[in-house]
Amino acid sequence: MPEDRTAPISGIVDVVHDVGDLALSAGRTDLAARLAQTRNRLEDPAARVVVVGEFKQGKSKLINALVNAPACPVDDDVATSVPTIVSYAAEPSAWVIDRPESEDAEPRRREIPVAELADYVSERGNPGNERGILSAEVMLPREILRGGLTLVDSPGVGGLESSNSLATLAA
């Protein structure tokens with residue numbers, strides 16, 4: 001009989017839920033919200049793979065090769081400046097998540113033309129992330145992604161620019 005691999009995850013989800021309830025009862029709504037996000041991630045059967053490495057080492061090319069499509073901008077002079085999530089959809093589309101305009105505002109998700117993705121996620125199109133993009137999403141009709149695999153192209157780490165390392169850690 002096959003081993004049930006969902007049982008340990010189920011137990012962890014229950015513990016995270018219970019601790020979230022305790023946090024709420026203690027008035028720690030911030031902690032309860034973070035635990036709710038953790039619980040949602042644990043319950044999600046999708047596999048998220050974040051591709052991390054130093055600048056200009058082929059992270060975008062690797063993702064493009066895996067999905068057999070130009071999902072992430074690649075060029076000798078272009079470096080990824082914004083984490084880019086590549087996932088499945090029946091029709092190709094691209095979205096960006098804008099940084100909130102104020103502390104109490106929510107990030108805004110808006111659709112962009114797929115052909116303009118590089119204008120938002122690369123150093124050439126968005127130097128120093130002057131557009132204030134938190135992340136981008138590219139959705140493609142690719143079999144490798146259909147089962148829930150999500151690939152994340154991250155900005156390079158290990159350089160002098162710490163904001164790229166922080167963006168990668170956030171992804």
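# Reading the labels in this model

Q: Why is asparagine 68 called exposed?
A: Asparagine 68 has a relative accessible area of 63%. The label exposed needs a value over 50%. So asparagine 68 counts as exposed. This value was computed from a predicted model.

Q: Where does asparagine 68 lie?
A: Asparagine 68 lies in the loop between α3 and β2, where β2 covers 84-88.

Q: What makes the phi of asparagine 68 stand out?
A: Phi is about 55 degrees, a positive value, although asparagine 68 is not a glycine. Most residues other than glycine have a negative phi.

Q: Which value does phi take in asparagine 129, and where does this residue lie?
A: Phi of asparagine 129 is near 55 degrees, again positive in a residue other than glycine. Asparagine 129 lies in the loop between α4 (118-121) and β5.

Q: Is asparagine 129 buried or exposed?
A: Asparagine 129 has a relative accessible area of 15%. Buried means under 20%. So asparagine 129 is buried.

Q: How do you know that isoleucine 63 is buried?
A: The relative accessible area of isoleucine 63 is 0%. Isoleucine 63 lies in helix α3, residues 59-67.

Q: Which residues does isoleucine 63 touch, not counting residues up to four places away in sequence?
A: Isoleucine 63 touches Val51, Cys72, Val86, Leu151, Val152 and Asp153. Touching here means heavy atoms within 4.5 Å. Take leucine 151 from that list: isoleucine 63 and leucine 151 are 88 residues apart in sequence, but their C-alpha atoms are 7.1 Å apart in space.

Q: What share of the contacts in the chain with a separation of 6 or more comes from residues 24 or more positions apart?
A: The share is 66%.

Q: Why is the pair of arginine 28 and aspartate 30 called a salt bridge?
A: The closest N and O atoms are 3.0 Å apart. The rule asks for a side-chain nitrogen of Lys or Arg within 4 Å of a carboxyl oxygen of Asp or Glu, so the pair passes.

Q: Why do arginine 28 and aspartate 30 count as partly exposed?
A: Arginine 28 has 41% relative accessibility. Aspartate 30 has 44%.

Q: What does the salt bridge between aspartate 98 and arginine 108 tie together?
A: First, the pair: its closest N and O atoms are 3.0 Å apart. Aspartate 98 lies in strand β3 (residues 93-98) and arginine 108 in strand β4 (residues 108-112), so the bridge ties together parts that are 10 residues apart in sequence. Aspartate 98 counts as buried, because its relative accessibility is 8% and the limit is under 20%.

Q: How do you know that arginine 109 forms a salt bridge with glutamate 137?
A: Their closest N and O atoms are 2.9 Å apart. That is within 4 Å, so the pair counts. Arginine 109 lies in strand β4 and glutamate 137 in strand β5 (residues 133-140), so the pair ties together parts that are 28 residues apart in sequence. Glutamate 137 is buried at 16% relative accessibility, whereas arginine 109 is partly exposed at 39%.

Q: Which residues do salt bridges that share partners join into one network?
A: Asp98, Arg108 and Arg110 form that network. The chain has 5 salt bridges by this rule.

Q: What makes arginine 109 a charge that sits over a ring?
A: The charged end of arginine 109 sits over the ring of tryptophan 95, 4.0 Å from its centre. The distance limit is 6 Å, so the pair meets that part of the rule. Arginine 131 lies over the face of tyrosine 120, at 4.3 Å from the ring centre.

Q: Which residues make the nonpolar surface patch of about 240 Å²?
A: Leu62, Leu66 and Ile144 make the patch. Isoleucine 144 lies in helix α5, residues 143-146.

Definitions and conventions. Residues numbered from 1 in each chain as written. Predicted model: local features only at pLDDT ≥ 70, side-chain atom pairs only at ≥ 80, totals over all residues. Heavy atoms only, no water. Patch = residues over 30% accessible without salt bridge, like charges linked within 9 Å, V, L, I, M, F, W, Y side chains within 5 Å. Areas by Shrake-Rupley, 256 points an atom, 1.4 Å probe, with all protein chains shown as cover. Helix = DSSP H or I, 4+ residues; strand = E, 2+ residues; numbered from the N terminus. Lys NZ or Arg CZ within 6 Å of the ring centre and 35° of its normal. Buried < 20%, exposed > 50% of the residue type's maximum accessible area, 1.4 Å probe, protein only.
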